[in-house]
Amino acid sequence: MGPLEGLLIADFSRVLAGPYATMLLADMGASVVKVEGPQGDETRTWMPPVRDDVSTYYLGINRGKRSIALDLRDENDVQLARELARRADVLIENFKPGGLAKYGLDYAEVSATNDKVIYASITGFGAGEGRHVPGYDLMVQAISGLMSLTGDPDGPPYRAGISVFDVMAGNHAVIGILAALRHRDATGQGQLVEVNLLSSALTGLVNHSSAYVAGDVVPFRMGNAHPSVFPYEPLPTADNDLIVAAANDGQFRKLCEVLGLPEVPDDERFARNADRTRNREELRPLLLERLRTKGADEWFDLLVKAGVPCGPINTIDGGFAMAERFGLDPVVEVGGVPTTRHPIRFSETPAVYQLPPPELDEHGEELRTWLKEDLRD
């Protein structure tokens, strides 16, 4: 049914990074058991917006799972949780470091009875000196430096429009889990996989991180401009702004040809990317004069046809409409719930969408019966 068919994932995570990771694993065929406290995952209450009185936030990251509500203050439920951990191929959790130890569900205890387990732990700031600092994406956007890069040069710093490092850490957790499973296939050994939001953030800042660690340069926000490439930003047209990303000399020449400026690429001020970046304030008015003669959608069609990267600045509905236009089929319906398609396409083992996001403890009875049978065995 999927490349991860037959794997059992014990999901002790909540909110975003962990549930996003386990949803991706479920899409790839793994069987995911979502363990929730009696009150359920916090995102069940994060509303509006809602669909049929259910938080769309929760719906967006929890398909493909079965839910069991366990109260870890109850010894009987703790025994069931330990049995699930004993049977799991992968356990993923995002408690504060050491938070599961008192229940016998930390890596040392779980691996003692399940030496093949891949135990993935997601924290905000690692299990060392930062172990006691709560891990919220907005905090990490601030602490990592991302907010110092986001916004107008003369304005305040801004957060990204999504919890970007939660999503990034979730993806890193999936990568780590898959790599650890490959190692287990080769050696039979399980292992601990640790991911933290701050490390995900620092690697995710890519060229800005490199500017500091390799060039001793501290970058600051430039609005929508790029520090190393021009044009690579929104430019106004006759109606709306258009992102233009002519990132090399060939693309810039094609841009100028479409705009009716064939002589500009031969001007020594604009011949190479470094020249254009240095002289951006002289080049920008030349481009704007031509772009104002047509609307963003018309320019998009003309420039893309010529091989120039560009795009309109859409709202979310426009993004989905563009994906539909390109034949990406961005929405799948699972049990009557529309949800965003898994981002990876496999030629032989396509993603599977077997279960809609579960209600709290929806599968509790059957899972308790299954786990208790194992306890008796």
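Asp-361 is partly exposed, with a relative accessibility of 27%; here buried means under 20% relative accessible area, exposed over 50%, and partly exposed in between (1.4 Å probe, protein chains only). The structure is a predicted model, in which local features need pLDDT of at least 70 and side-chain atom pairs count only at pLDDT 80 or more, while totals for chains, interfaces and linings use all residues. Residues are numbered from 1 along each chain as its sequence is written, and side-chain values use heavy atoms, with hydrogens and water left out.

Asp-361 forms a salt bridge with Arg-368, and the closest N and O atoms of this pair are 3.3 Å apart. A salt bridge is defined as a side-chain nitrogen of Lys or Arg within 4 Å of a carboxyl oxygen of Asp or Glu. Arg-368 is likewise partly exposed, at 21% relative accessibility. By this rule the model contains 20 salt bridges. One of them joins Asp-27 to Arg-63, with 2.6 Å between the closest N and O atoms. This pair links distant parts of the chain, 36 residues apart: Asp-27 is in helix 1, whereas Arg-63 is in the loop between helix 2 (56-59) and strand 5 (65-69). Helices (H or I, at least four residues) and strands (E, at least two) are DSSP runs, numbered from the N terminus.

Both Asp-27 and Arg-63 are buried, and the relative accessible area of Asp-27 is 1%. Apart from residues up to four places away in sequence, Asp-27 touches Arg-63, His-342, Ala-351, Val-352 and Tyr-353, where contact means heavy atoms within 4.5 Å. Another salt bridge is formed by Arg-73 and Asp-71, whose closest N and O atoms are 3.0 Å apart. Arg-73 is exposed, at 71% relative accessibility. Glu-233, Glu-281 and Arg-284 are linked in a network of salt bridges.

The largest nonpolar core has 37 residues, of which Ile-9, Leu-25, Ile-92, Ile-118, Ile-122 and Ile-177 touch the most other members. Helix 1 (17-27), strand 6 (90-93), strand 7 (118-123), helix 6 (164-187), strand 8 (191-196) and helix 7 (197-204) each give two or more residues to this core. Such a core is a set of buried Ala, Val, Leu, Ile, Met, Phe, Trp, Tyr and Cys residues joined through side-chain atoms within 4.5 Å. Ile-122 has contacts with Ala-17, Gly-18, Ile-92, Glu-93, Asn-94, Phe-95, Ala-173, Val-195 and Leu-197, leaving aside residues up to four places away in sequence.

Val-213 belongs to helix 8 (residues 206-213) and is exposed, with a relative accessible area of 67%.

The count of disulfides is zero, a disulfide being a pair of cysteine sulfur atoms within 2.5 Å. The cysteine sulfur closest to that of Cys-256 is in Cys-310, 14 Å away, which is too far for a bond. Cys-256 is buried at 0% relative accessibility, and Cys-310 is buried at 15%.
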